[in-house]
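I opened this model to look up its sheets and its pockets. My notes follow.

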Amino acid sequence: MRTPVALVTGAGGEIGHGLIARLSKEGRPIVTLDIAPLDPALRPHIVREFTGSITDTTLLDRILAEFEVDLIFHLAALLSTRSEFTPITAHQVNVEGTLTLLEFAQREGDSHGRRVQFLYPSSIAAYGLPDIESKQLAGAVAEDDWNTPRTMYGCNKLYCEHLGRYYARYYKQLAATASSCVDFRSVRFPGLISAVTVPAGGTSDYAPEMIHAAAKGEPYACFVRPDTRIPFMAMPDAIEALLALAAAPREALTRTAYNVSAFSADAQEIHDVVVEKFPGAQIGWKVDAKRQAIVDSWPADVDDSAARRDWRFAPAFDGRRAFDDYLIPTIRRRYQR
Ligand code: AKB
């Protein structure tokens, strides 16, 4: 008999680290898939670790043969900055990998007869504001506005939101018998800030990099202007958002992709909190114009009223509390300063 489990892809990444510890507390048996071996600290929380590519259908067949997967957290992705240097690889991982996982979910559902929940972290990178004036005028954008991303990563995330909606609602709609077994649910994450991991390959990374550098007592040159504003969220809220969306009754959901946010801040505001908390921190500015243009195309804030209405999304660490109650104390402890 196959064991019912949750599958987490990209398990070794920033979200994966927190999610696995949190999910195992719920007593959920977890199987992980990542391109790299898992952090040993996570192993006590899982029943099985697979190392390999999400595009490897033979590996996925092995998982299907041994496990009844009825919940998937598909976290594997190349982030925005890294994707700009290898756009084809980004497409292969971010799009072909996701398509392969959606098809895997459909086959799992076919095999055990239950819908497979597919939780997908999309991103504010799915948005594309043409210039600073439009960004300031737009304010908090709603999900269906400005869906004109300017990065490969953003295009990947937006397309995969549509792929998920297709698998959930229209899969093989012309076939005589086919029916969708995929319950696709997605959140568009803002910039995420974790206290236990440092980011790799993103363009919102300047915020966590600034805090971690100050906590380590290292100088940091911020690659965006001080007035650069986007929405952010502390990692525990991101993980709770994924779990809350997974727990929501399907009939309560009015869309398959939702904005979520905890606070909107400009780089100067983050700088000011960091130097207040770490007096003597050496934070400078060395703008990278090309990365700046990417962040300028992302909204200053998002309208997450649909998530609050449909599945009672409510971040614990909004505004200044994110720094005072979680980020600064946890990061300070991490570096013992
Ligand atoms: C990135 O910067 O690429 C990510 C994101 C905003 O999705 N952190």
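The model is predicted, so I kept to its limits: local features need pLDDT of at least 70, side-chain atom pairs count only at pLDDT 80 or more, and totals for chains, interfaces and linings use all residues. Residues are numbered from 1 along each chain as its sequence is written, and side-chain values use heavy atoms, with hydrogens and water left out.

I noted the terms before going on. Helices (H or I, at least four residues) and strands (E, at least two) are DSSP runs, numbered from the N terminus. Two strands pair if DSSP finds at least two bridges between them. In general, strands of a sheet pair through backbone hydrogen bonds, either parallel or antiparallel.

How many strands form the open sheet with parallel pairing? I found 7 strands, in the order β3-β2-β1-β4-β5-β7-β11. Its edge strands are β3 (48–51) and β11 (257–259), and each pairs on one side only. From one strand to the next the twist averages 20°; axes are lines fitted to C-alpha atoms, for helices over the stretch in contact, and angles run from 0 to 180 degrees between N-to-C directions.

I then went through some of the pairings. β2 (residues 30–34) and β3 run parallel and are joined by 4 bridges. Val31 has Arg48 as its bridge partner in β3. Between β1 and β4, also parallel, I read 7 bridges, and Ala6 has Leu71 as its partner in β4. β4 and β5 run parallel with 3 bridges.

Is β4 mostly covered or mostly open? It is mostly covered, with 8 of its 8 residues buried (under 20% relative accessible area; exposed is over 50%, partly exposed in between, with a 1.4 Å probe and protein chains only).

Helix α1 (residues 14–25) lies across β1 (3–9), β2, β4 (67–74), β5 (116–123) and β7 (182–189). Contact here means heavy atoms within 4.5 Å. α1 runs at about 170° to β2.

β10 (residues 229–234) and β12 run antiparallel, joined by 4 bridges. Pro231 has Ser264 as its bridge partner in β12.

**Pockets**

A pocket is an open set of points on a 1 Å grid over the protein atoms alone, where a 1.4 Å probe fits, with protein on both sides within 12 Å along at least five of seven lines; lining residues have an atom within 4 Å of a point. A volume is the space filled by probe spheres set on the points.

The largest pocket holds about 950 Å³ of space. Of the 41 residues that line this pocket, the closest to its centre are Leu75, Ala76, Ala77, Leu78 and Leu79.

The second largest pocket has a volume of about 190 Å³. Of its 13 lining residues, Gly18, Met235, Pro236, Ile239 and Tyr326 are the closest to its centre. α1 gives the most to this lining, with 5 residues.
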